[in-house]
Amino acid sequence: MLRNIAVLLLLAGCAVPEQSGDTSRQNSTEKTEADYTAMKTFSGPVKTQLNRSNSETARDFLDLTFALETGRELPVMTRFDTPITVRLNGATPPAGRQELSRLLKRLRTEAQIDIRQVDASAPAAVSIETLPRKDLQRHLPDAACFVVPRVSSWEEYRRNRRSNITDWATLETRTKAAIFIPSDVSPQEFRDCLHEELAQAIGPLNDLYRLSDSVFNDDNFHTILTGFDMLVLRAYYSPELASGMTRGDVEARLPALLKRINPAGGSVTPLTAQTTPDSWKKAIETAMSANRPRQNRLAGASKALQIAQNNGWTDSRRAFSLYAYGRMIIASDAEEALQAFVSSQLMYKNLGNAEIQQAHVGMQLAAFALTDGNPEFALSIVNSYLPAVRAEENAALLATLLLLKAEALDAIGRASEARATRLDSYGWARYGFGDDAVIKRRQKEIAQLNRPPRI
């Protein structure tokens with residue numbers, strides 16, 4: 001029998017792939033160890049893996065390239081002529097400029113794209129502009145960040161946002177684009193926007209929920225470009241392809257192209273994928289939107305899961321539906337929520353290429369184990385997913401898992417290890433969450449999981 005279930009509600013929004021919302025500071029005179037812990041950052045090369053066939057890659061490449069996220073088809077492929085120049089204007093969170101440099105280096109080495117940063121005052125193919133979140137969301141309330149073609153500044157976008165100038169479907173080639181990112185966000189959120197929006201500024205414009213190993217997926221589990229993403233971008237800028245090519249043109253060239261750049265993927269056999277209905281997309285987006293009423297989110301999660309079951313899906317869409325449903329019913333039925341998380345975890349495990357998704361679900365399972373008085377099991381769950389989370393460079397999830405680990409260590413009498421783990425968590429929390437008040441609130445929430453219930 002689960003005990004102290006009410007505190008699990010505190011984790012319903014912990015380290016989840018949805019918009020972080022307001023991070024304004026709260027007044028507090030109480031100083032804790034978190035206040036004196038320096039922010040940690042990721043450094044060194046990113047270790048990406050690619051474990052998929054060229055047949056799957058070819059199918060997904062075509063579906064990513066020849067449609068927008070809205071489902072609108074694109075008549076031709078478009079890309080920049082290289083070299084591609086990038087400039088950064090405006091205030092950035094700590095480590096923001098370093099993250100851009102790391103990303104550009106990866107694009108040069110892994111995707112073999114000729115891309116470099118130029119001074120803020122110089123003309124550039126891609127302009128990255130930061131501005132306060134409230135200004136950005138005044139025009140697009142549900143967007144954390146976004147990219148548009150044929151403009152180079154916020155003012156230019158505002159003048160042309162209702163015209164064909166900013167319509168991707170009217171392009172025949174790419175000459176310039178602008179990325180808009182909030183300046184008042186955590187370092188991780190800024191970096192995540194850099195990765196996703198720059199990839200779309202120069203590459204495919206669609207997102208596919210069925211992908212478990214890509215940032216080209218609106219589930220937002222992946223926060224940095226993956227090995228698959230780099231392969232897609234490398235193919236996108238290969239000499240075999242060019243702006244103006246139709247889907248048929250590209251499809252004819254992909255087998256030889258992928259065999260050349262990814263020989264381990266084998267030969268290409270044409271594959272098709274079941275289309276994701278708009279009804280499921282709308283339902284899952286409602287379920288994962290922090291700005292919607294809870295009742296609407298619960299209805300969305302229930303509908304998404306029902307659609308996934310009715311369609312007989314066994315891929316990431318059903319696993320994600322289970323995850324979203326579990327998060328939304330913790331308040332009303334903790335036992336059913338636990339079963340949803342377990343089912344989601346098993347499905348992600350069977351998929352492969354879904355270690356970071358398993359870590360997100362594992363965080364929920366560790367919370368259940370801790371509040372149910374089983375700290376040893378909670379500790380084993382957390383330890384099993386820490387390597388994947390570090391490799392993914394998800395500091396927000398890493399900080400949350402480390403806090404859970406610290407509570408588990410305290411519960412089994414390993415106090416000195418718990419303190420060291422908690423300090424480690426604070427450093428990553430500064431990168432992942434940014435704001436001191438958010439960090440302290442997260443620490444308090446997770447500490448309550450390890451408290452015995454009042455009788």
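Which side chain meets that of Asp63 in a salt bridge at 2.9 Å, N to O? In this predicted model, the partner is Arg247. Asp63 belongs to helix α1 and Arg247 to helix α7 (residues 247–261), so the pair ties together parts that lie 184 residues apart in sequence. The chain as a whole contains 16 helices and 5 strands.

**Overall fold**
- Along the principal axes, the C-alpha atoms fill a box of roughly 70 × 50 × 40 Å.
- Of the contacts between residues at least 6 apart in sequence, 73% join residues at least 24 apart.

**Burial and surface**
- Buried residues account for 56% of the 455 residues.
- The chain exposes about 19500 Å², of which carbon and sulfur atoms supply 49%.

**Charges and salt bridges**
- The mean positions of the 55 positive and 53 negative charges are 2 Å apart.
- The structure holds 26 salt bridges.
- Asp63 also meets Arg210 in a salt bridge (2.8 Å, N to O); Arg210 lies in the loop between α5 (187–202) and α6 (227–236) and Asp63 in helix α1 (residues 54–65), so this pair ties together parts 147 residues apart in sequence.
- Arg210 is buried, at 16% relative accessible area, whereas Arg247 is partly exposed at 36%.
- A network of salt bridges links Arg52, Arg59, Asp60, Asp63, Arg210, Asp213 and Arg247.
- Within helix α3 (residues 133–139), Asp135 and Arg138 are 3 residues apart, about one helical turn, and their side chains form a salt bridge (3.2 Å, N to O).
- Arg138 is exposed, with 57% relative accessibility.

Notes: Residues are numbered from 1 along each chain as its sequence is written. This is a predicted model: local features need pLDDT of at least 70, side-chain atom pairs count only at pLDDT 80 or more; totals for chains, interfaces and linings use all residues. Side-chain values use heavy atoms; hydrogens and water are left out. Helices (H or I, at least four residues) and strands (E, at least two) are DSSP runs, numbered from the N terminus. Buried means under 20% relative accessible area, exposed over 50%, partly exposed in between (1.4 Å probe, protein chains only). Contact means heavy atoms within 4.5 Å. Accessible areas come from the Shrake-Rupley method with a 1.4 Å probe; for residues, only the protein chains shown count as cover. Lys and Arg count as positive and Asp and Glu as negative; His and the chain ends are not counted. The place of a charge is taken as NZ of Lys, CZ of Arg, CG of Asp or CD of Glu. A salt bridge is a side-chain nitrogen of Lys or Arg within 4 Å of a carboxyl oxygen of Asp or Glu.
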